[in-house]
Amino acid sequence: DETLQLWNRGFSEYYSDMTMEMSGMMRHIARHNISPAHSVVAFVDGKPAGFVFIGMKTVSGEKLAWNGGTGLDPAYRGRGIGKAMMAEVEQVLRAEEVDIAYLEVVSKNIKAIRSYENGGFNKDIRLAGKVRTGAIEGRPFQYDEAELKGWRLEAVQPIKVSQLPFYRKHAAWDGQWHQFQPGQVSLVYDDAGEPATYAFYRRNLDAEGNLSSVVLHQCEVRPGLDKSKKALYGKLLTEIYGPLDVECTRSTGNLPMTCPLLLQLLEQAGFKEKYEQFLMIWRPL
């Protein structure tokens, strides 16, 4: 109960509504590997005033960590508590011999970025949160099917994508391969049977089993396929967000902003910016 209350106070007056109920809190802790034993809470006069949730897991022999939420009660802001918490977080990361740690921060939250930089995190790539509600008319992701003749799309195990030489390893925590289940990963093979592009996404159903939302987290094309890139994106986006005539919410979840063409295709389909974040990375010196 104290954790939930502190979360909701800590994220009050935030850029978006981060309020949670207990069921949501428990899902957040479980789904994102949050470790209460390694998370940090600041107390003022015996009362919890701020927190940093830390997720931790070992993946392919590497110990990874993630800042799963940093918040400070508005009554205690401006006292240097955030900076002190991040110094404590860095001590935890070093004590646990973490190889690499990640966090995502709203790009216009300058104070938070400075606090994270003081804690040893450095800005990496920009991340896009775009959204479109309702059915999509026409064929905004239209592509020449003849251009991809003999190419095939297949659902694969997440770990298979992690072994590709063009897999984007450094991405938002929710968009890394180890956070996905089978059925949430698609891979396109070229006419020679070689992997050409992949996507990580989540499709969610409502209580009646109807498609309610689709979230795209990663979509990368193998280097050297610039001429086929538009067709590949078109094929994947049509598959992932389809059927396009279904009324639902379609969005991106911290999608790396590394390919202007992909962002352009989404914008042409009516996707609007909901947020923009930085991926920040910590490594031991």
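Me: What makes strand β9 (residues 211-221) largely enclosed by the rest of the structure?

Reply: 10 of the 11 residues of β9 are buried, so the strand is largely enclosed. Buried means under 20% relative accessible area, exposed means over 50%, and partly exposed lies in between (1.4 Å probe, protein chains only). Strands are DSSP runs of E with at least two residues, and helices are runs of H or I with at least four, both numbered from the N terminus. This is a predicted model: local features need pLDDT of at least 70 and side-chain atom pairs count only at pLDDT 80 or more, while totals for chains, interfaces and linings use all residues. Residues are numbered from 1 along each chain as its sequence is written, and side-chain values use heavy atoms, leaving out hydrogens and water.

Me: What joins β9 to strand β10 (residues 249-252)?

Reply: Four bridges do, and these two strands run parallel. Ser213 has Thr249 in β10 as its bridge partner. With helix α6 (residues 229-241), β9 and β10 make a right-handed β-α-β unit. Right-handed means that, with the strands pointing away from the viewer, the path from the first strand over the helix to the second runs clockwise.

Me: Why is the pair of Tyr167 and Tyr198 called tilted?

Reply: Rings of Phe, Tyr and Trp (its six-membered ring) pair if their centres lie within 6.5 Å; planes under 30 degrees apart count as stacked, over 60 as edge-to-face, and the rest as tilted. The centres of these two rings are 6.0 Å apart and their planes stand at 45°, so the pair is tilted. Tyr167 lies in the loop between α5 (158-162) and β7 (185-189) and Tyr198 in strand β8 (residues 195-205), so the pair ties together parts 31 residues apart in sequence. Both Tyr167 and Tyr198 are buried.

Me: What puts the charged end of Arg202 over the ring of Phe180?

Reply: A charge sits over a ring if NZ of Lys or CZ of Arg is within 6 Å of the ring centre and within 35 degrees of the ring normal. The charged end of Arg202 is 4.0 Å from the centre of the Phe180 ring. Likewise, Arg152 lies over the face of Tyr189, at 4.2 Å from the ring centre.

Me: Which residues touch the most other members of the largest nonpolar core?

Reply: Leu216, Leu232, Leu237, Tyr241 and Leu262 do, in a core of 33 residues. A nonpolar core is a set of buried Ala, Val, Leu, Ile, Met, Phe, Trp, Tyr and Cys residues joined through side-chain atoms within 4.5 Å. Helix α6 gives the most to this core, with seven residues.

Me: Why does Asn254 count as buried, and why does Asn33 count as partly exposed?

Reply: Asn254 has 13% relative accessibility, so it counts as buried. Asn33 has 25%, so it counts as partly exposed. Asn254 has a positive phi of about 50° although it is not a glycine, and phi of Asn33 is near 60°.

Conventions:
Two strands pair if DSSP finds at least two bridges between them.
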